[in-house]
Amino acid sequence: MFNKLIIFVILNLVCFGSLYSQSCTTVIKGVVIDLHTNKPLESVSIFNIETEKSSFTDSLGQFEFRDFCTGNYHFLIRHLACESKELYLALTKDTSIIFTLEHSINLLGTVYVDGRAIEKTIKNVQTVKQSTIQDYSNESLSNILEQLPGVNTIKNGSGISKPIVNGLYGNRLLILNNGVPQSGQQWGSDHSPEIDPLVANTIKVVKGAGALEYMGANLGNVILIEPAKIRADPHLHGRTTFSYGSNGRASSLNLQLEQGGTFAWKINGTLKKSGDRSSPSYFLRNTGSDEANLALQVERNFNNKLFTEIYLSTFNTTLGVLRGSHVGNLTDLTEALSRQVPFFTEDSYSKTIDAPKQRVNHHLAKFRIKYFRSKSDWFDFTVAGQKNVRKEFDIRRGLRSEIPALSLYQYSFLSELKYQIEFEPQLTLKTGFQTNFTDNSNDSETGILPLIPDYRSVELGQYAILSKKYKSQTWELGIRNSYFVQNVATITRTIPKTIERFDNKFYNLNATAGWSYDYQNKLVTTLSTGYIKRNPAINELYSLGLHQGVSGIEEGTVDLNPEKSWKNTMAVKAIISKNITIESFAYYQRIADYIFLAPQNELQLTIRGAFPLFKYDQTDGRMYGVDAQTIVDIKERLSVKLAYSYLHGRDLSNNVPLIGMPSNNTSTSFDYIISKDFKWLGVRFDNLDVGVNHRYVFRQSNLLPFQDFTLPPPSYQLSSLKASTNLTYKTQKIRLLFRIENLFNVRFRDYLNRQRYFSDDLGRNIVMVFQSKF
Amino acid sequence: MKKISKFTYLLIISSLLVITSCSKDDPKIPNEEELITTLKMTLTPVSGGNTVTLSFKDLDGDGGNSPVVTGGTLLRNSSYNGKLELLNESETPIDDITKEILAEADEHQFFFQSTVSGLSVTYSDNDKNNKPLGLATLVKTVGAGSGKLTVTLRHKPSKNAQGVATGDITNAGGETDIAVTFDIVVQ
């Protein structure tokens, strides 16, 4: 008798077990299929850790193990270009298993909510795999994301960076940390997102208009940072990752422990420390950073119907800012621009972080309940609280350098109820109601009038998304209403100073439609269109004062209109043959009343001299671009990847280019597997591979000379080299990785790095990563 | 399902409550003790005569209203004792920032650049390391003419760098705390 039983396994793995009672003659049979094409995968290695037995799938994707004793087993499932997966199996009877493996990286993917629920909606998703996150454990979230086509980073030196997706960032790009919209001072181009990437199992970028279900003002693109569900394995498992980077003598240590079962828990801690980084020819003084993070995840499952989760995390960092970039007025800036080596450059390395610096703490507490009424019908309820503390220190007179020049506290509270039901046949409705409350205060300890005012804001949102799948086509319609209230208390610059209040109410209606056609799993085309409204953010309306981050006086405009965006996307994934995949994503976005910080023609005279004046202004903007990628696998050993990103932004009202748009770039990489599997001195090696990458960044030529203090930096090319392998000794698994970034120690400056005015970018960096799992 | 609907209502009601209690408390206005609103340079003729006062006043700080700048007229072939005074006039009582500069004399230095032909400014004071500060100066004129005099205060300059001790700003570095320019006529 075959009883089909769904066992929850780690993310991406669903297995169906059939039950028989025997001992030491137990048979495990299985088939491995590609998640996206539903076709069997050949040459997948299935390795049992306890018995060291292994099996490979045949052309039908099938494998078999015989003569197993009943008991608990751990399996390792590996395939070229797939992320290797682990499976825990409590073997009591003859069992047959179906694995779905996510084969290769995708522009078009599927989002997993958890082990059971696979979303059936249209989204353009790119994923950074867990193994990549681990291999780049020395990097920040934004730098890891930069590997995806169409994703760039806006930097303020080496330590401070934030992602930009298809030209959208800050207020226009939503970052969801474990399902919760990241609060904090996301508006600042010199404010990095306060998220530890090592907590995440996957990082996803959702492009296009399909991101309606997420709360928060955004113009279509969302970054999802997702820790996986804790695996079902009832044993204690852990992972230690240590990395060292020669540039900045940066080390990072990450420890993760987890134990599954009905009461499952996971704990993840990270420590990072770096001193002064260096450009190819000099140290970048005061560019060190410190970081200490901790996250705790607890899950309890009641009868496989009710799932509860508590997630607590704390992120704490101190980031140094290049000493020579702290300039006074326009005269000083002009002088700094003309220098070969920045002011205050020292001959020796230093670990100390002095002013100017940022100290940021971010805490998150989240509680979630998911209740399955049936397999195709569930409720999902989340409440979450966040506290964000940001203190920025400038060089000040009279021992005031230890008093922050900017000191902001932000509390936010989210509650969310979602409901999803799959009607027959393949008709899915997703709906939800969300509230988000934010309280932002300045601490008057600064002795400086605040750049952005104190405020409270509330957002109420509701959405409904209907999708229908019929044969190889999927249609989708979505609508979102949101109501936004801002209560702001500004301090006037009159004498004497008074409090001026503003009450704003905005109603935003967003709507999207999508269509997807899958031709024999060979050609998948997805079209989407959407109308999205975003109300002006607090900083765009009310900021006032000197912003060191842009070295100018920034003035908000109180009567800005909401931005109205119309976005169209087209994604095509073509599987030319078994070995060649082409993926491309094209977009065209019109933004009416596009809000941007416009440089004014006047200079503002202060006692410190003249400063450029920037004012928030609106225009009609247009952005279009394409991200394309080709992957060629040759004989299952060599993988070649070519990627290209193009973006064009235009201010249609003034007929000039849009400022702050990323440069076009190409990336080429070769990965070669020297040996898939060999044994040496009792140690099993698998996937001993080497790789090279070359990245070419074009000069941002779509800019007029008067739009910046200086011309955009010239094009540059960077190369990197890496080698890695996995070792298994008994039950001990170790991963070793060696990588050289900026191999030829090239001097370069990047248009999206504000420090380009002052210094060269990072020189060569030799990175070693050591990871041990048990 | 009924339970859930009740729950939804509860959620809506609680969020409405949140909205009604949405008003933000009055922020505490920071005490801008570091702010310099006013720079006064008093030029007293060494051999007697009318005192000339150059002043720069920006009571509302950075941004907002433009500062009020008052230049001055000096006599040719004369020497003046220059005295700088820095104030924060946005506070009551008025805060004298000059004292703060004096207390940190080794971390500060004024620089004087002039486009008036023959006009020279030399230091008459020193910090504890015997390096010039510039709160007290000697200003000399030669022939008649007109032009600009720029007064710059640098915080943490390299006082040992070449030329800095004689008032050349080129290699000084540091942050600019003050940079004001006055119209000067010498007649």
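I began with strand E34 of chain A, which runs antiparallel to strand E35 (residues 580-606) of chain A, with 12 bridges joining the two. I took strands, E, as DSSP runs of at least two residues and helices, H or I, as runs of at least four, numbered from the N terminus. I counted two strands as paired if DSSP finds at least two bridges between them.

Before going on, a note on the model: it is predicted, so I kept local features to pLDDT of at least 70 and side-chain atom pairs to pLDDT 80 or more, while totals for chains, interfaces and linings use all residues. Residues are numbered from 1 along each chain as its sequence is written, with chains lettered from A and ligands numbered from 1 in the order in which they are written.

**Around E34(A)**

I found A:Met570 opposite A:Ala586 in E35(A). The link from E34(A) to E35(A) is a hairpin through 4 residues. I then looked at the pairing with strand E31 (residues 523-534) of chain A: 12 bridges join E31 to E34 (residues 563-575), and this pair is antiparallel too. Here A:Tyr531 faces A:Trp566 in E34(A).

**The three-stranded sheet**

Next I went to an open sheet of 3 strands in chain A, ordered E6-E3-E9 with mixed pairing. Its edges are E6 (62-68) and E9 (95-101), each pairing on one side only. Neighbouring strands are turned by 20 degrees against each other on average, direction ignored; the axes are lines fitted to C-alpha atoms (for helices over the stretch in contact), and angles run from 0 to 180 degrees between N-to-C directions. I checked E3 (residues 26-34) against E6(A) and got 5 bridges, antiparallel. In that pair A:Gly30 stands opposite A:Phe63.

**Chain A overall**

I counted 4 helices and 43 strands in chain A. Its radius of gyration is 26 Å, close to the 28 Å from the globule rule for 774 residues, so chain A is as compact as a globular protein of that length. That radius is taken over C-alpha atoms, and the rule is 2.2 Å times the number of residues to the power 0.38. The C-alpha trace spans about 90 × 55 × 45 Å along its principal axes. Buried residues are 48% of the 774 (buried: 20 or more other C-beta atoms within 10 Å of the residue's own; exposed: 12 or fewer; partly exposed: in between; C-beta atoms placed from the backbone).

I also looked up the domains: domain 1 covers 5-101 and domain 2 covers 197-773, with bounds from an automatic or database domain assignment. Their C-alpha centres lie 36 Å apart.

Chain B has 2 helices and 11 strands, and 30% of its 187 residues are buried.

**B:Ser158**

Last, I stopped at B:Ser158, in the loop between strand E10 (145-155) and E11 of chain B. B:Ser158 is partly exposed, with 15 other C-beta atoms within 10 Å. Leaving aside neighbours within four places in sequence, B:Ser158 touches B:Val164, B:Asn171, B:Ala172 and B:Gly173. I also checked B:Thr70: 88 residues from B:Ser158 in sequence and 31 Å away in space, C-alpha to C-alpha.

Notes:
Two residues are in contact if their C-beta atoms, placed from the backbone, lie within 7 Å.
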